Amino acid sequence: MKNVGATGAVALVAGSLFGAGLVLGGMTMPSKVRGFLDFTGSWDPTLVFVMGGAVVVHFFAYRLIRGRAHPVLAERFQLPSRKDLDVRLILGAALFGVGWGLGGFCPGPAITSMLSGSASVFVFLAAMLGSSFLVGRREARTSAGGATPAPRTVSKSS
Amino acid sequence: MLRGLGGGVLIGASASLMLIVAGRVTGISGMLNGLMAPAESGERLWRILFLGGLVVGALVASRLLPGAFSDRMPSLALAFVAGVLVGVGTRIGNGCTSGHGVCGISRLSIRSLVATLTFIATGGLAVLALRGLAGLS
């Protein structure tokens with residue numbers, strides 16, 4: 001990968017915009033997220049505006065950007081191309097949704113909410129990262145004989 | 001609502017910036033998972049800096065808009081269970097609200113659309129169950 005420094009600097013700026021957007025949109029407050037998911041109760045539509053605003057901006061930007069031969073600082077676009085629906089996608093999304101509803105956090109707001117210093121945020125993050133790591137490691141082992149054996153140096157996790 | 005829209009525009013701008021500069025999907029769970037796998041250092045740096053920026057941007061914004069982090073999760077046990085479900089679900093489902101909900105839907109990806117409708121539906125059920133449990137106790 002070339003342009004490591006410049007790409008990193010842009011990532012820092014983009015990350016800051018994203019983090020500010022999460023706070024402005026109220027997504028760091030689990031009650032807002034649960035309010036959105038509470039369809040039969042006192043429904044809070046804020047998240048529709050957050051997701052809607054983001055999709056509208058990115059929908060048009062995507063169309064403009066994909067007209068380029070390559071990204072400004074990279075040789076090619078690295079975007080998902082799959083179109084098939086499989087059990088993993090739906091099962092994964094279903095499990096994620098339950099966790100999202102129970103905790104009121106998806107990964108981004110969980111990270112920014114470390115700023116609250118609340119113990120429950122750190123428990124959530126540790127459980128999220130730990131479980132994802134374990135599933136990822138198990139899958140890498142299962143697929144080790146498959147088409148894309150990833151060379152892996154498994155470090156001891158605590 | 002205006003705040004929600006403003007937040008959304010910032011998030012959309014962030015994803016667009018990453019796309020035009022690095023050609024990447026702005027998926028938070030994908031970045032975290034990318035950091036757990038072996039990769040060359042340049043592939044790590046942008047992810048670390050994006051996630052660091054996330055905290056910096058949130059810190060600045062929360063100074064201007066106090067109360068952003070005033071919420072608490074009800075219990076540590078619930079936080080743990082929710083964290084495990086989010087970790088496992090985003091890993092096997094290949095994305096979260098940012099990767100599927102924002103970037104994928106903007107690309108009109110059928111997988112992301114189905115994933116987003118699925119996690120909103122099961123999230124709704126989870127909140128309904130929580131409310132039922134709270135009503136019982």
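**The interface, with some background**

Modeller: Of the 158 residues of chain A, 46% are buried (20 or more other C-beta atoms within 10 Å of the residue's own, with C-beta atoms placed from the backbone). Bear in mind that this is a predicted model, where local features need pLDDT of at least 70 and side-chain atom pairs count only at pLDDT 80 or more, while totals for chains, interfaces and linings use all residues. Residues are numbered from 1 along each chain as its sequence is written, and chains are lettered from A in the order in which they are written.

Now the part you asked about. 99 residues of chain B are in contact with 105 residues of chain A, contact meaning C-beta atoms, placed from the backbone, within 7 Å. On chain B's side, α1 (2-22), α2 (28-36), α3 (41-64), α4 (76-92), α5 (97-106) and α6 (110-136) each supply at least two residues. α1(B) gives the most, with 20 residues.

Zooming in on one helix pair, α6 (residues 119-142) of chain A packs against α4(B) at about 35°, with the axes 7 Å apart (lines fitted to C-alpha atoms over the stretch in contact; angles run from 0 to 180 degrees between N-to-C directions).

Terms used. Contact = placed C-beta atoms within 7 Å. Helix = DSSP H or I, 4+ residues; strand = E, 2+ residues; numbered from the N terminus. Buried ≥ 20, exposed ≤ 12 C-beta atoms within 10 Å, placed from the backbone.
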